[in-house]
Amino acid sequence: MNAFHVCLAAQGGDQIVHLLASTMMGASLFVLLRTIFKTLATEDLVQDAEWRYDVTRINELRKASPLYRFFQPLIQLLNGFNRRAFRDSLPAIHREIQASGLCRFWTPEEYLGRIEVICILIFPAFFYVFVDMMGAPGTMLAVISTILTGVLLRNQLASRAARRLMQIKRRIPYLLDLLTLLMEAGSTFLQALEQACQEFRSHPVGVEFGRVLMEMRMGKNRSSAFEAMKNRLQDDEITGIIGSIVQGEELGTPLATIFRSQADVLRIKRTQRAETLANEAGVKMLLPAILVMAATVLIILGPFILSFLANPFSA
């Protein structure tokens with residue numbers, strides 16, 4: 001009888017957990033649909049006193065990000081927590097947002113809030129699946145999976161920023177060469193930069209130099225526009241290039257000469273980087289080579305070993 005009652009209690013506990021998971025999934029879907037319908041009813045939300053100086057950025061971000069538009073109140077609610085909990089990480093996240101080419105209206109705490117909202121939305125699905133598979137212990141696995149999802153989304157931002165910076169550094173020498181040819185052919189710097197940005201319009205390097213061109217047209221001088229680009233990307237090689245351009249302009253060196261010399265320097269660095277990777281390839285291939293050799297030995301000697309184990313020599 002005791003075993004029977006224990007079995008009934010266990011089944012009842014599993015049913016309660018399944019019911020809780022189903023309830024959470026239904027509530028999440030209801031809140032999601034209600035928020036979507038309510039948010040889509042207006043193009044721009046009425047901003048309260050806290051956002052009265054930030055209306056343009058908020059509305060532009062709402063247009064650029066459907067997720068932000070749907071869950072703006074929740075993301076704004078998470079901002080205060082993110083400012084306190086991730087104070088040391090916010091500058092790095094801001095740099096990665098700028099370098100990765102995301103919408104420039106994101107603030108670091110709002111982007112973290114976006115990641116947290118995604119985790120909140122995906123948690124009921126994890127909870128339902130793991131509880132259905134494992135029962136009550138699946139709750140802890142659902143929590144761990146949700147945290148890992150947030151970590152992966154955070155690392156995805158860093159990977160995207162690093163990948164985009166590498167694309168920019170690979171293509172900058174060609175853009176500088178084009179600027180040099182256009183300026184030596186008689187074009188002004190603005191004309192040459194406009195034509196170069198048009199040529200590289202589908203590449204991140206064209207986007208970044210296009211922002212430089214836009215800022216110069218809005219009244220910034222060359223030094224300030226290039227300094228803004230340096231602050232956005234914050235890469236050592238790009239910082240060196242921009243520093244040389246600004247210094248050369250202050251000294252009166254022709255820009256075409258600066259661009260040509262910087263393009264040559266970048267090519268040399270690219271060659272050195274390729275040689276370094278080639279030298280490291282041998283070391284990185286050592287472990288796979290050992291594994292392949294071990295697998296080959298097992299394939300060759302395996303049948304003999306199995307045959308010996310099955311029919312050992314008798315004395």
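**Close-up 1. The nonpolar surface patch of the predicted model.** About 1,000 Å² of nonpolar surface is made by Tyr 128, Val 129, Met 133, Met 134, Met 140, Leu 141, Val 143, Ile 144, Ile 147, Leu 148 and Val 151. Two helices, H6 (108-134) and H7 (138-184), each supply at least two residues of this patch. The helix that gives the most is H7, with 7 residues.

**Close-up 2. Val 151 on helix H7.** Val 151 is found in helix H7 and is one of the residues that make the nonpolar patch. Val 151 counts as partly exposed because its relative accessibility is 41%, and partly exposed lies between the limits of 20% for buried and 50% for exposed. Val 151 is also among the residues closest to the centre of the largest pocket, the subject of the next views.

**Close-up 3. The largest pocket and the residues closest to its centre.** The space in the largest pocket comes to about 280 Å³. Its lining has 14 residues, and those closest to the centre are Phe 86, Leu 112, Ile 115, Gly 150 and Val 151.

**Close-up 4. Helices and residue classes in the lining of the largest pocket.** H6 and H7 are the elements that give two or more residues to the lining. H7 gives the most to this lining, with 6 residues, and H7 likewise gives the most to the nonpolar patch. Sorted by class, the lining of the largest pocket has 9 nonpolar, 3 polar and 2 charged residues.

Note on methods:
Residues are numbered from 1 along each chain as its sequence is written. This is a predicted model: local features need pLDDT of at least 70, side-chain atom pairs count only at pLDDT 80 or more; totals for chains, interfaces and linings use all residues. Side-chain values use heavy atoms; hydrogens and water are left out. Patches are made of residues with over 30% relative accessible area and no salt bridge: like charges are joined within 9 Å, nonpolar side chains (Val, Leu, Ile, Met, Phe, Trp, Tyr) within 5 Å. Accessible areas come from the Shrake-Rupley method with a 1.4 Å probe; for residues, only the protein chains shown count as cover. A salt bridge is a side-chain nitrogen of Lys or Arg within 4 Å of a carboxyl oxygen of Asp or Glu. Helices (H or I, at least four residues) and strands (E, at least two) are DSSP runs, numbered from the N terminus. Buried means under 20% relative accessible area, exposed over 50%, partly exposed in between (1.4 Å probe, protein chains only). On a 1 Å grid over the protein atoms alone, a cavity is a set of points where a 1.4 Å probe fits but cannot get out, and a pocket is an open set with protein on both sides within 12 Å along at least five of seven lines; lining residues have an atom within 4 Å of a point. Grid points are joined across faces, edges and corners, and a volume is the space filled by probe spheres set on the points. Ala, Val, Leu, Ile, Met, Phe, Trp, Tyr, Cys and Pro count as nonpolar, Asp, Glu, Lys and Arg as charged, and the others, Gly among them, as polar.
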